[in-house]
Amino acid sequence: MQLSSTIAGIGPLDADAMAAARARQANLTKPPGSLGELEELGVRLAGLAGRCPPPVPTRPAVAVFAGDHGVYAQGVTPWPQEVTVQMVANFLAGGAVINVFARQAGAEVVVVDVGVAGDLDPHPALRSHKIRRGTRDLSVEAALTRDEALAAIEVGIATAVDLVDAGADCLLTGDMGIANTTAAAALVAAFTGSAPARVTGRGTGIDDDTLARKTAVVEAALGRLDRSADPVGVLAEVGGLEHAALAGFVLGGALRRVPVILDGVIADAGALVATALCADAAGALVAGHRSAEPGGRVALDHLGLVPLLDLGLRLGEGSGAVLAQPLVAAAARVLGEVATFDSAGVARK
């Protein structure tokens with residue numbers, strides 16, 4: 001599906017449905033505001049669905065977008081690049097953390113190869129849409145061409161639309177790619193105007209010397225970036241194929257009016273791209289958790305999203321998004337199933 005037609009099809013949250021949800025929240029048998037952020041989430045879910053109460057999302061699907069990164073050559077991570085291929089195999093075999101959490105939540109898991117450097121064996125849960133074998137080194141040149149970035153975005157849109165059309169009613173973001181937190185830091189810095197040192201974190205657990213090198217790489221990339229570039233241009237210059245696909249995934253979910261639960265900093269960076277392309281796409285976003293990565297926190301603040309969980313997670317894969325999914329369902333269920341003061345015969349204060 002083309003980017004332009006997707007953006008044209010995304011509209012704002014339904015104001016009437018949101019007003020009805022707020023009025024119903026005030027009538028439910030609980031003190032006003034006592035469910036905190038879940039109340040506002042329920043209102044936004046009503047606005048997204050265009051009705052109150054909103055449907056309860058019971059058929060979640062996780063898309064794990066996988067790609068490699070040329071900036072790996074700069075020594076920004078101690079993990080070997082072949083781990084990307086190996087972890088994709090682990091996802092497909094059902095042995096990773098995301099698989100365990102998904103089984104608990106009853107979520108489908110699909111893996112989308114948008115840029116893994118190695119070859120992957122066919123598998124029913126693998127969607128092969130390889131744009132190229134990893135990005136170029138963002139520290140010295142544009143990571144992607146504009147056409148490559150657009151192609152990856154459109155893979156993400158198509159993945160979201162396919163999953164929803166097949167029955168999914170809640171989309172969860174996942175990712176895999178050694179060195180992808182370096183590209184994420186560059187994207188967050190570019191889209192929020194933050195200093196590289198503020199948004200560059202330890203990723204999978206790097207030492208001080210590696211963190212300094214990683215920060216310098218992000219600074220070099222930002223120094224080369226044309227700040228007047230449009231969102232796709234910025235993405236192509238410093239982003240990754242999985243970030244691009246995640247941006248498209250957000251747009252596709254917004255187009256189909258289903259909630260999109262963000263995982264950590266990789267998805268947060270993709271969401272910054274998506275909302276820069278289409279501000280109304282923000283209406284579909286739910287922050288699953290607050291990543292331990294500093295860039296994730298900066299991105300969520302910029303997006304105006306309050307994370308549902310804060311557990312110090314920094315795994316990726318979609319793990320935090322899956323853990324948060326029952327809370328999203330609960331926020332919708334409250335509006336539909338909690339009795340009102342009048343129906344329950346409960347006195348008001």
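User: Is β1 enclosed or open to the outside, and how many of its residues are buried?

Analyst: Buried here means under 20% relative accessible area. In this predicted model, eight of the eight residues of β1 are buried, so the strand is largely enclosed by the rest of the structure. P60, V62, V64 and A66 point one way from β1, while A61, A63, F65 and G67 point the other way.

User: Which strands pair with β1, and in what sense?

Analyst: Strand pairing is read from the bridges between two strands. β1 runs parallel to β2 (residues 108-115), joined by seven bridges. With β4 (residues 170-176), β1 also pairs in the parallel sense, over seven bridges. V62 shows both sides of this: V109 stands opposite V62 in β2, and L172 is the bridge partner of V62 in β4.

User: What is the strand order of the sheet?

Analyst: The sheet is open and has six strands in the order β3-β2-β1-β4-β5-β6, with parallel pairing. β3 (126-128) and β6 (285-287) stand at the edges; each has a single partner strand, so one side of each lacks a neighbour in the sheet. On average, neighbouring strands of this sheet are turned by 30 degrees against each other, direction ignored.

User: Which residue in β2 is the bridge partner of G67?

Analyst: G67 belongs to strand β1, and its bridge partner in β2 is G115. G67 and G115 are 48 residues apart in sequence, yet 4.0 Å apart in space, C-alpha to C-alpha. The relative accessible area of G67 is 0%, so G67 counts as buried. Leaving aside neighbours within four places in sequence, the contacts of G67 are T84, G115, V116, M176, G177, I178 and E242.

User: How are two packed helices described?

Analyst: Two packed helices are described by the angle between their axes and the distance between the axes. For α3 and α14, the axes come within 8 Å and cross at roughly 75 degrees. Angles of 65 to 115 degrees count as roughly perpendicular, and α3 and α14 are therefore roughly perpendicular to each other. On the α3 side the contact is made by L38, L41, G42, V43 and L45; on the α14 side it is made by L327, V328, A331, A332 and L335.

User: What should I look for in the backbone?

Analyst: Most residues other than glycine have a negative phi, and most peptide bonds are trans. An exception in the peptide bonds is found between C52 and P53, which are joined by a cis peptide bond with omega of about 0 degrees. P53 is in the loop between α3 (37-49) and β1 (60-67).

User: Where is R257, and what is its phi?

Analyst: R257 is in the loop between α11 (241-255) and β5 (260-262). Its phi is near 60 degrees, a positive value in a residue other than glycine. With 27% relative accessibility, R257 counts as partly exposed.

User: Is E317 buried or exposed?

Analyst: E317 is buried, as its relative accessible area is 5%. This residue is not a glycine, but it has a positive phi of about 70 degrees. E317 is in the loop between α13 (294-303) and α14 (319-337). The UniProt annotation "active site", from an unreviewed entry, covers E317.

User: What is E317 in contact with?

Analyst: Leaving aside neighbours within four places in sequence, E317 is in contact with V62, V64, M87, F91, A96, V97, I98, G174, D175 and D263. For I98, the backbone nitrogen lies 3.1 Å from a polar atom of the E317 side chain.

User: Where is R136 found, and what is it in contact with?

Analyst: R136 is in the loop between β3 and α6 (146-165). Its relative accessibility is 22%, so R136 counts as partly exposed. Leaving aside neighbours within four places in sequence, R136 is in contact with G70, V71, E141, A142, A143, L144, T145 and E148. R136 and A183 are 47 residues apart along the chain, and their C-alpha atoms are separated by 11 Å.

Methods. Residues numbered from 1 in each chain as written. Predicted model: local features only at pLDDT ≥ 70, side-chain atom pairs only at ≥ 80, totals over all residues. Heavy atoms only, no water. Helix = DSSP H or I, 4+ residues; strand = E, 2+ residues; numbered from the N terminus. Buried < 20%, exposed > 50% of the residue type's maximum accessible area, 1.4 Å probe, protein only. Axes fitted to C-alpha atoms, helices over the stretch in contact; angles between N-to-C directions. UniProt positions renumbered as here; feature names shortened; annotations may be inferred. Contact = heavy atoms within 4.5 Å. Polar contact = N/O pair within 3.5 Å; in protein donor to acceptor, adjacent residues only side chain to side chain. Parallel < 35°, antiparallel > 145°, perpendicular 65-115°, else oblique.
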